[in-house]
Structure formats: structure tokens, C-alpha cells
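Please look through the sequence and the model shown here before reading on. The report that follows takes up cavities and pockets, and then a sheet and the helices around it.

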Amino acid sequence: MHKITTSSGIARRGLVVQLLQALRQICNTPTLYLKEPLHDADPAALARRSGKLAALDDLTATLADRGEAALVFTGYVQMGRILEHQLRARGRSVRFLHGGTRPRHPGNPMTGTARSLAPLAGAWKQAFHLATNGSGSYGKGLNLARNGAVAQIQTQPGRITAPVAAKKATHQAAIHLPELTATQWNTLAAKLADDPQAVADLVANRIPATIADSGHAGGISITPPSDGITFSCSCPTGRTHRVCDHSAALGHAVAERLATTPSLLLGARGMTARSLAAHVRDLVDGADPGPLPADTNGTVRAAQLYSLAAHRPPQTAPDLDLDTVTTLTYTDPPLPGIRAQELARMTADAAARARTLLTDTTAAPHDELADILRILASPDGTDYLAASQRATGIPEATLRAMMIGYRHGGPAGAHATLAATPTITDVLKQAREALNSSRAVGLGTITIDGDALTDTTAGVQIRPGPDGRWYPFTAWRAGEWRPAPGPCDDPAEAFRAARRARAARPLRR
């Protein structure tokens, strides 16, 4: 405040804005303002320090009970990470998107990826800028391109053309480029044919990323040199083959589209992307291009593997008879196969399990019962209740309650629903003392009921689970308890979660 009172002008305004931003961060949570690490942050402690996070816990618990989702906005990326940490700690599924999020499936047919082909767009920008020789049209053309003045771009060998709308008329702008010779194209194709990744991209109708780097493209640069770029236009300046506002706008539009449409520059250099792919296919036809390397994340795209396998030499089938029981002839009717609906469910389940393994978010315990409940907790899982009852011998009502427990706390939540994990009496007593000390007003008595802590007056209960967490429950019918969201390592926090769920769920008679 002393700096604000003693400063003036723009400096004072900056200090005021800085103070307001600090107040916004503190109002969100002190963790955001203090830049505290999140890797070991206790979600219960975060909620106690921030009314917003405490309200978020209550709202998401209600939404989870209703089977609904929520969309949360924040102006700070770090606050988004705090929200993600808090929700994941509560067992919520979170997708966090921000300005630095990369697309999961980048790239389109015959375009490649914007990230890997960014050097091609950058090289064009540099050559195009040098070709304008510092003309003032460079900046004016940039404004025209940003305002959408450049229409459909057309490419022909040796030139790129497009109509460019000006204030009073539309002019035909053109950029002239030198074509690559047949020898240069052959050198480039031969270099690409030696790269399994490039071959896989080309046969899958994609532009390989190596084409943007002349060092990996046989020394052939797809981007022309600056002294080889010339301009023309239907405007008076362009008729003299000097750069004008319209041809400069076309150059900027080309730079913008190269990151997603690199075939634009290939066509202008004398060969379409499909022709280059056909040339490379001819070179690798009948030859083994070698193993397909993974990217920096260890990923190999399935489309590339399939397209690359189509061009490998045919392999001799092994002389094996794997079916020694069934003797079918061509006149016999086919055996009944799995239904399409069941196959779709199995595929979705396998994909979900693979995603869980890749993200290392698997939860213990892993057993046959947890696997059955994982299927029951899926959107169409109730169709398998009868089969699950026959397989496990557990009543349908209990299976339904365990299914809810699985949704709230994973396999451990399902096991806690079936029965509380055996716990020594001293641990239960310490947890009861923590509950009594955390309550502002003790209206009911918390009793040790087997291996659980029960408040009969409030109609809530918490049970220890096999993963060491406490799981909240609410009274459902006489003698029945229904799982509630919000399992936690802190018994007091789990008890509060049970109270919140009890307030939102009336007692069934």
C-alpha cells in the first residue's frame, strides 16, 4: 500500500492491478497465491482453507449422486491444477483443458501434424520475409490476411495464386516459385523410402514430418530460397513484378496454412502429395522398409502400422491346425457368434481398462469380485445383475449397493460396502475421538458398531476400507446402509461427507 500511495501515473495503475490480482488469488485459495506444491497436499486441508473448494466438494458430491457432470471455468491455469488435484483426490473423473493442452489426435489426411510440420511454415516465413526486401507491404499484407481478405488458394507448378479483396476491388495475386527438377524429386523420394516412418505416413495419405527438414530429406529443401521467390498481381504495383499489399497478404496466408496443409507448397514445387506417395510406394514395392519407430512418447499409430504392413513382402502361413475339435464344411451353417451389442461393450470395457493401465490409475484390490462390480458400474451394467448374482451368490440388493460403492470409491469402496475391513479397537477409538472433536455440537452419540463408527441419531456411518481410507454411508432402510461419495483418509472428513449426503437423501421407510 505504501508503494501505491507514493507512486503515480501508469506505475500506480500497475500496482493497483497487481494488488487486485493477488486478492483474486487469495479469494480462490491461499495455495494459489503462495504457490504451494500440490503433490502431497491433503484435500481435506485444502477445503478447510478455501470456502470455494469446500463448496466444490459439496456440489460435486450432489452431482455425482444424480449421475450428472459439471463444467468449471477459472482464469488461472494453476487454479485449474488445484481443482484437478482436489477432484481427483475425491475420486472424480477430471479432464483439464487449458491453453497448453495438445490435441489428442493431431493431423488430418494428407496434412501431417501442425507441431511436426511447424519448421516448414517457419522456413517459408523466413524466405518470404527476405523476398519482400523490407517492403512496407509486408505489414499491410499481414493485416489483410488477418482480416480474411485472401480467398481460395490455388497451386500450380511454379506458382501459388489467390484472389485478394481490397477496399475497392479484388485483385489476382500470385507468388512464383522455382520447380524442383526430376533428379531432386528422385533424391527426395529415395531418402523418404529409406525411412519407415515416412513410408508409413505416405501410404496412409499423410505428409511425413521429415519433409520439413532438409537434413532428413536428402538435402532437398521444399521451401524455396528467398531469391527464387517473385511476385505479381493485377494491381498497378504488382504488374511491375514488385511485391504489393495483395501478394504479401497471399504470402502470409500461405504461411498460416502450411502448418496444416503442407501439400500446398509441394504442388507449387512441381509434384502433388499423391504423386510423391505413389513414387515412394514404387520404390518400396516388394521390399521390407524395416521396423516402424515409436515417437517421443513411445506411441506407434495403428493406421501407420496397417498401411506399412500392406507393403511388406507376403509371409508364408504356418502349417498349423489350431482347431482340432470342430470339423465344419462349407455347407454347414456358421456357428452362432457374439452379438454386436456385447462386442461393443467388450470393446469399450477393454479400451477403458487399457486407458487405466496407461495412466497408472488402477485401484486395489484386484480380484474377481471387483472385476464383476466394475462391469456392473458401467452405464449398461445393470443388464448383468442376474448373471452376477448367480456367479457370486450375493443378493441383488447387496450387489446394487456395492455397485454404488464402486462408483464412489473403486474396488475398495465396493468391498467396504460388503463389509468393513477388520480394524483394531484402538484405531476405532482414535477415529471416534477425532469425530467428536471435529463436531461443533454433539447432538448424537458415535458408537463403535463392529468395525464401523455409527451415529444412529444422524443416520450416518463410516467404515474403514481395505485401502486404509474411511468410507461414508447413510441410513437407507431399517438395518441397511447405502454408500455415499467422499471417501477420505481423514475420518472426520469422511464423516462430514456422510452428513452432507444424508442431508441430500431422505430416509427410506
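## The largest cavity

Which helices each supply at least two residues of the lining of the largest cavity? They are α5 (51–66) and α21 (491–504), where helices (H or I, at least four residues) and strands (E, at least two) are DSSP runs numbered from the N terminus. This is a predicted model, in which local features need pLDDT of at least 70, side-chain atom pairs count only at pLDDT 80 or more, and totals for chains, interfaces and linings use all residues. Residues are numbered from 1 along each chain as its sequence is written, and side-chain values use heavy atoms, with hydrogens and water left out.

A search of the whole structure finds three cavities of 30 Å³ or more, a cavity being a set of points, on a 1 Å grid over the protein atoms alone, where a 1.4 Å probe fits but cannot get out. The largest cavity holds about 70 Å³ of space, a volume being the space filled by probe spheres set on the points, which are joined across faces, edges and corners. The lining divides into three nonpolar, two polar and five charged residues, where Ala, Val, Leu, Ile, Met, Phe, Trp, Tyr, Cys and Pro count as nonpolar, Asp, Glu, Lys and Arg as charged, and the others, Gly among them, as polar.

## The second largest pocket

To its lining α19 (396–418) gives the most, with six residues, while the lining as a whole has seven nonpolar, two polar and three charged residues.

Four strands form an open antiparallel sheet in the order β1-β2-β3-β4, and two strands pair if DSSP finds at least two bridges between them. Because β1 (154–156) and β4 (230–233) stand at the edges with a single partner strand each, one side of each is left without a neighbour in the sheet. β3 (residues 170–176) and β4 pair over four bridges, and H176 stands opposite T230 in β4.

Helix α12 lies across β2 (159–165), β3 and β4, contact meaning heavy atoms within 4.5 Å. The axes of α8 (residues 137–146) and α12 (residues 245–258) come within 7 Å and cross at roughly 60 degrees, axes being lines fitted to C-alpha atoms, for helices over the stretch in contact, and angles running from 0 to 180 degrees between N-to-C directions.

Terms used
On a 1 Å grid over the protein atoms alone, a cavity is a set of points where a 1.4 Å probe fits but cannot get out, and a pocket is an open set with protein on both sides within 12 Å along at least five of seven lines; lining residues have an atom within 4 Å of a point.
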